[in-house]
Amino acid sequence: MDEECDGIILGTGHNALVLQAYLCRCGLKVLSLDRAAVAGGGLATIENPRLPGYFHNTHSFFHRALSTMPWYQDLEVERHGARYVEPELNVALVLRDGRSLQWWTDFEKTFDSFAQFSRRDAQALRRWRDEFQPLLHGILIPEARSPPLPMEQRQQLLSGSRLGRRLLEVSQRSPLEFVVQEFEHDVVRAGLLFFNGLREVDLRLQGFGHSIPALLASDRMAQMCVGGSARLAEALVKDIHEHGGDVRTSVEPRSILIHNGRACGVELADGERLEARGFIASGLNPQQTFLTLIDAAAAGPSLRGQAAGFEYNLLAPLFALNLALREPPRYAAAADNPALDKAFMVILGLERFAQFHEIVAAHEKGQVPATVMWGACPTRFDPRQAPPGRHTAFMWEKLPYAIEGDPRKWDQLAHEHGQQLLRLWTTYAPNLADAVLDVFPRSPLDTQRTLPNMHSGDLLVGSFANGQVGANRPFPGAGHYRTPVNGLYLCGGSTHPGGNITGLCGYNAARVIAADLGCRIWWTPPDVERSLTSLP
Ligand SMILES: Cc1cc2nc3c(=O)[nH]c(=O)nc-3n(C[C@H](O)[C@H](O)[C@H](O)COP(=O)(O)OP(=O)(O)OC[C@H]3O[C@@H](n4cnc5c(N)ncnc54)[C@H](O)[C@@H]3O)c2cc1C
């Protein structure tokens, strides 16, 4: 062995970095390794190679309620240079006829916008928001910020209180059933499912009826990192360095070394061997971790079978079109509603609730559905991401990873599809016809190439179907960040509470690993058992 430390983390996605930062602050010597040239995984901001000074966020951009995450304060990310803004007109679904359904940080403005479509729906929105606020704060937030309770214990605790029973009751439905049963207007139904549903959860999935009301009850909405998403990764790396940790990029792990049944190191593709006294944690997906990096004999058939059975969310992959612009997109609908010029997330092409079924059907057949897109013009809120007076913008679309069964078709299709998307975008924002300086697409295949842990372009790193939730995520026996291999832990989006930029997988894993290593927990994590026991 060439080097020795307390722990090694595979991958430097934000969950891995959050985990590393907590453990370094425990006084442990921790090293993280990534095949990419830059740390951060889904926190990526690249400078346009053809137009210096224009920056594009090629993976995540909308970071929901990020500044409220416990690690945001604990790890002092603002002192390290990260800063978040949360634009007031947070989301606008712009219709072809110029009307728009708007979500504001001020709920009363959201209510008024919904009431223009249906007064009854606006009232339902308020009712669900009010009813779900105590469930969100008393149950769902403490659960997301804690290692998951065993399923039976959770069920038992929730059954013992009025709020818990209500959550269990609402959860039984699918997001689709929730929206159809509780809201009447076609546009409101479409908007709620799109903004609040489709992103995280397959809308047909029973057991997730609570996901839309939980989002409605949230105090905070989509935020963006000033300077670009990568600034958050840089802030986390600064904290790690400040506390003695090391982040190594452009290195390819070949295998996790196991000695006497215990994970004890990592071998790199160039033959270098790194030893860890305390633990190995993987921010990669279960197949990478258990099938590729661990010797088949050491993993054993049962663990390999469970890892192989881990499923991905086929509705998750994104196609992205990135623009460098002379001026920001100016939506025709803003002529009657100037607030739209300041809308953060803009959704276009979504007119009818029935489009969901069309999108899902197209995904299942590997075909491209009629375009529904959403995106932003980051430079409206952060001029630093382009040269003075200039802008960047992007739109995303949910498209299948494999076109007619073959992901490689994206290499021929991406440019042409991007042009189609731009033509449609221009019908809503006519000035784009003369404003575009540069354009480049990124396909679901590009996602999988850049971040192979996002298998089949699944940016959530694993579906919530197949029972892959809570203590069973990624699968029973590995759902507490500990795995069946002694000394080996998981910490990426394939663990509880799942993908997206929340950092909570890493936050929760830190508590488990620190406890196992006998370290003092210097931060104050929530006590989920007490929260659930003390519910009214
Ligand atoms: C186009 C796109 C848009 C998105 N938009 C949003 C958004 O707006 N909001 C949001 O919340 N989420 C968004 N996401 C999802 C979000 O980026 C992910 O869910 C999140 O990044 C997962 O975090 P993670 O910590 O699990 O690891 P990741 O961020 O996925 O990072 C994993 C790391 O592991 C490394 N790695 C992979 N394989 C290996 C290997 N074999 N060896 C070594 N290293 C390896 C990768 O290089 C990477 O650095 C988006 C994703 C994509 C692709």
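Visitor: What makes the residues of helix 1 buried?
Guide: Buried means under 20% relative accessible area, while exposed means over 50% and partly exposed lies in between (1.4 Å probe, protein chains only). In helix 1, the residues that count as buried are H14, N15, A16, L17, V18, L19, Q20, A21, Y22, L23, C24 and R25. That is twelve of its twelve residues, so helix 1 is mostly covered. Take C24: its relative accessibility is 3%, so C24 counts as buried. This is a predicted model, in which local features need pLDDT of at least 70 and side-chain atom pairs count only at pLDDT 80 or more, while totals for chains, interfaces and linings use all residues. Residues are numbered from 1 along each chain as its sequence is written, and side-chain values use heavy atoms, without hydrogens or water.

Visitor: Why is helix 1 called a helix, and what span is expected of it?
Guide: Helices are DSSP runs of H or I with at least four residues, strands are runs of E with at least two, and both are numbered from the N terminus. Helix 1 (residues 14-25) has twelve residues, so it qualifies. The expected span is 1.5 Å times one less than the number of residues. For helix 1 that is 16 Å, and its first and last C-alpha are 16 Å apart, close to expectation. Just after helix 1, G27 takes a positive phi of about 95°.

Visitor: How many disulfides are there, and how do you know?
Guide: A search of the whole structure finds zero. A disulfide is a covalent bond between the sulfur atoms of two cysteines. The test here is a pair of cysteine sulfur atoms within 2.5 Å. The closest cysteine sulfur to that of C24 is in C26, 9.0 Å away, so it is too far for a bond. For C377 the closest is in C225, at 17 Å, so that is too far as well.

Visitor: What makes a set of residues a nonpolar core?
Guide: The members are buried Ala, Val, Leu, Ile, Met, Phe, Trp, Tyr and Cys residues joined through side-chain atoms within 4.5 Å. The largest such core has 66 residues, and those with the most contacts inside it are F62, W103, F132 and L192. Helix 4 (residues 119-144) gives the most to this core, with nine residues. Apart from it lies another core, of 45 residues, including L23 and C491.

Visitor: Why is a space called a cavity?
Guide: On a 1 Å grid over the protein atoms alone, a cavity is a set of points where a 1.4 Å probe fits but cannot get out; lining residues have an atom within 4 Å of a point. Grid points are joined across faces, edges and corners, and a volume is the space filled by probe spheres set on the points. The structure holds two cavities of 30 Å³ or more.

Visitor: What lines the largest cavity?
Guide: The largest cavity has a volume of about 80 Å³. Its lining is P329, Y331, L340, D341, A343, V346, A376, C377 and R380. Ala, Val, Leu, Ile, Met, Phe, Trp, Tyr, Cys and Pro count as nonpolar, Asp, Glu, Lys and Arg as charged, and the others, Gly among them, as polar. By class, this lining has seven nonpolar, no polar and two charged residues. C377 has a relative accessible area of 8%, so it is buried.

Visitor: Which strand gives the most to the lining of the second largest cavity?
Guide: Strand 17 does, with three residues. The second largest cavity has a volume of about 50 Å³. Its lining divides into four nonpolar, five polar and no charged residues.

Visitor: What makes P52 exposed?
Guide: Its relative accessible area is 60%, so P52 is exposed. P52 is found in the loop between strand 3 (46-47) and strand 4.

Visitor: What is noted about phi in A65 and Y481?
Guide: Most residues other than glycine have a negative phi, and most peptide bonds are trans. A65 has a positive phi of about 50° and is not a glycine. A65 is at 11% relative accessibility, so it counts as buried. Phi of Y481 is near 70°, also positive in a residue other than glycine.

Visitor: Which peptide bonds are cis?
Guide: One joins R473 and P474, with omega about 5°. Another joins H496 and P497, with omega about 0°.

How values were computed
On a 1 Å grid over the protein atoms alone, a cavity is a set of points where a 1.4 Å probe fits but cannot get out, and a pocket is an open set with protein on both sides within 12 Å along at least five of seven lines; lining residues have an atom within 4 Å of a point.
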